[in-house]
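Subject: Structure handover

Hi,

Here is the structure for you to look through. My notes follow below it.

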Amino acid sequence: METLRLVFSAAWEILWVGLLLGAGLPAVFAAGVRLLAGPAAPVAEDDSEVVRRPGLPQRVLAGVCFAVVLYGVAVGILIVVGGGMGKEVTFDHLIPALVPKS
Amino acid sequence: MTAALLVLLFVIATALFFDFTNGFHDTGNAVAASIATGALKPKVAVALSAVMNLVGAFLSVAVALTVTNAVVRIQGDDGAPMPELVGNHGHALLVILLAGLVGGILWNMFTWLLGLPSSSSHALFGGIIGATIAAQGWDGVKWFGDGTKIDGVVGKIVMPAVLSPVIAGVIALTGTFLVHRLAGKGDPERTGNGFRWGQIGAASLMSLAHGTNDAQKTMGVITLALIAYGSWDDTTSIPFWVKVICALAIAMGTYLGGWRIIRTLSKGLVDITRPQGMAADGASSAVILTSSHLGFALSTTQVASGSILGSGVGRPGAHVRWSVAGRMVLAWLLTLPSAGVVGAAMWVVGHQIPGVWGPLAVMALLLVGAGSMYLRSRQHVISHHNVGEVWDGGPQVRKSSSRVA
């Protein structure tokens with residue numbers, strides 16, 4: 001029974017962290033992609049599409065989105081590398097660091 | 001060459017063979033969505049995944065030798081074999097490992113033949129559990145942990161198998177819904193490239209994690225065999241050559257590409273759009289890394305399949321083929337017992353036939369079994385040429401449709 005309790009508490013934790021990272025980061029990435037793609041192109045009268053480039057605010061915002069995703073990817077790589085070295089990752093003040101497994 | 005050395009070589013060869021099947025069985029987890037959406041060409045996708053697996057395998061600096069400790073009692077707490085199993089150059093332990101590995105390989109080949117993604121780790125543990133039960137009785141297996149940490153067959157295999165697809169599915173469903181809401185109205189021509197890079201990044205990350213996690217298991221098994229035989233005595237490190245051959249075996253398996261399984265994951269479950277593929281891959285990577293970070297490692301295969309299914313449920317208008325999903329879930333349920341039964345049968349053969357003839361008979365059975373399944377697969381070849389054909393009721397590509405393409 002104790003095992004089941006441990007399993008469910010771990011699974012619950014994975015679900016929430018996973019939702020934040022696994023659904024959140026792709027959504028942030030999608031927002032970045034959408035911002036860079038510019039506003040939906042209206043069809044001009046002669047049927048040719050008017051290509052509108054994204055403005056500076058959109059590009060800056062997109063940059064922030066991609067930076068957030070890249071941070072997530074960097075943490076992911078650190079977890080893999082740390083796992084290979086038998087270490088774990090801690091997050092003091094959001095800065096990930098490798099420490100020996102407790 | 002002595003008989004004992006021959007048995008050791010058999011164990012090393014089957015461990016590498018298992019590692020190789022582990023590679024091609026799991027390629028689809030990382031690359032199926034990228035292939036489905038055309039983010040990567042099939043050959044490029046498997047090559048990328050193979051390289052990342054190779055790098056990942058070499059990242060395994062601290063390899064835990066206690067691979068089997070979670071489920072059976074054939075090793076002590078420090079990873080050294082149980083003293084009663086090491087007599088006569090570890091013959092008793094080597095036969096258990098050999099039988100267990102053969103159980104894992106044959107189940108992996110069988111599910112590959114049917115194009116069903118199932119967990120390679122569960123197949124390996126299933127085989128070893130079966131062989132251990134045959135050798136030591138039911139007491140040789142740890143069904144539950146001692147309550148201080150997640151352990152035992154129930155904690156490490158059964159519960160994760162039930163929970164991981166659900167967790168991954170819910171996350172991918174949410175992610176796909178959000179991604180489609182945010183970017184769905186964008187011009188696909190201009191957003192497509194962004195999602196393509198998102199997919200490539202997620203697939204690479206998954207392959208890297210796979211290389212470290214899965215190759216380590218084989219490295220641990222081979223080193224355990226070497227200790228039992230008496231040619232290695234350090235329980236805190238592994239021989240460098242073991243690392244090299246295991247890394248190469250899993251990378252070559254990955255590059256071969258389990259096209260039958262890739263086909264089921266990329267075309268069989270649901271048709272995948274680019275934003276959806278990125279959401280599914282993102283969910284899989286996050287769940288795999290989070291779970292291993294939290295010390296509750298989930299099966300990559302079940303996470304990836306759950307994500308792809310969930311992404312289908314989350315995209316409005318997507319048509320999920322639940323019959324294919326049902327077959328897949330059935331394969332997951334059968335993996336542990338089936339590999340276990342084969343492992344147990346192989347142990348009986350390897351143990352009852354005296355001397356080196358027992359292990360030799362096991363090797364012969366492995367070759368016959370694996371060879372016949374390979375020949376059977378040649379009747380309906382699925383390769384990088386036809387992996388993306390329209391799904392028409394089953395994994396087989398109809399002659400007519402491949403001619404059109």
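Helix 2 of chain B has its buried residues covered from both chains: helix 2 (56–84) of chain A takes part, and so do helix 1 (3–36), helix 6 (188–229) and helix 7 (240–256) of chain B. Helices here are DSSP runs of H or I, at least four residues, and strands are runs of E, at least two, numbered from the N terminus. Buried means that 20 or more other C-beta atoms lie within 10 Å of the residue's own; exposed means 12 or fewer, partly exposed is in between, and C-beta atoms are placed from the backbone. The buried residues of helix 2 of chain B include P42(B), A45(B), V46(B), L48(B) and S49(B).

Some ground rules. This is a predicted model, where local features need pLDDT of at least 70, side-chain atom pairs count only at pLDDT 80 or more, and totals for chains, interfaces and linings use all residues. Residues are numbered from 1 along each chain as its sequence is written, while chains are lettered from A and ligands numbered from 1 in the order in which they are written.

Chain B overall:
- Chain B has 13 helices and 0 strands.
- Its radius of gyration is 21 Å, close to the 22 Å of the globule rule for 405 residues, so chain B is as compact as a globular protein of that length. The radius is taken over C-alpha atoms, and the rule is 2.2 Å times the number of residues to the power 0.38.
- The C-alpha trace spans about 70 × 50 × 35 Å along its principal axes.
- Of the 405 residues, 62% are buried.
- Of the contacts between residues at least 6 apart in sequence, 82% join residues at least 24 apart. A contact means C-beta atoms, placed from the backbone, within 7 Å.

Now the core. The largest nonpolar core has 159 residues. Such a core is a set of buried Ala, Val, Leu, Ile, Met, Phe, Trp, Tyr and Cys residues joined through C-beta atoms within 7 Å. Helix 6 of chain B gives the most to this core, 17 residues. V287(B) is one of the residues that touch the most other members. Not counting residues up to four places away in sequence, V287(B) touches residues of both chains, among them I14(A), G18(A), G22(A), I167(B) and L298(B).

The chain contact takes 38 residues from chain A and 53 from chain B. Helix 1 of chain A supplies the largest share of the chain A side, 24 residues. By class, that side has 28 nonpolar, 7 polar and 3 charged residues. Ala, Val, Leu, Ile, Met, Phe, Trp, Tyr, Cys and Pro count as nonpolar, Asp, Glu, Lys and Arg as charged, and the others, Gly among them, as polar.

Two spots to look at. Most residues other than glycine have a negative phi. N88(B) has a positive phi of about 55°, and so does H89(B), at about 55°. N88(B) lies in helix 3 (residues 87–113) of chain B and is exposed, with 11 other C-beta atoms within 10 Å. H89(B), found in helix 3 of chain B, is partly exposed with 18.

Best wishes

How values were computed. Two residues are in contact if their C-beta atoms, placed from the backbone, lie within 7 Å.
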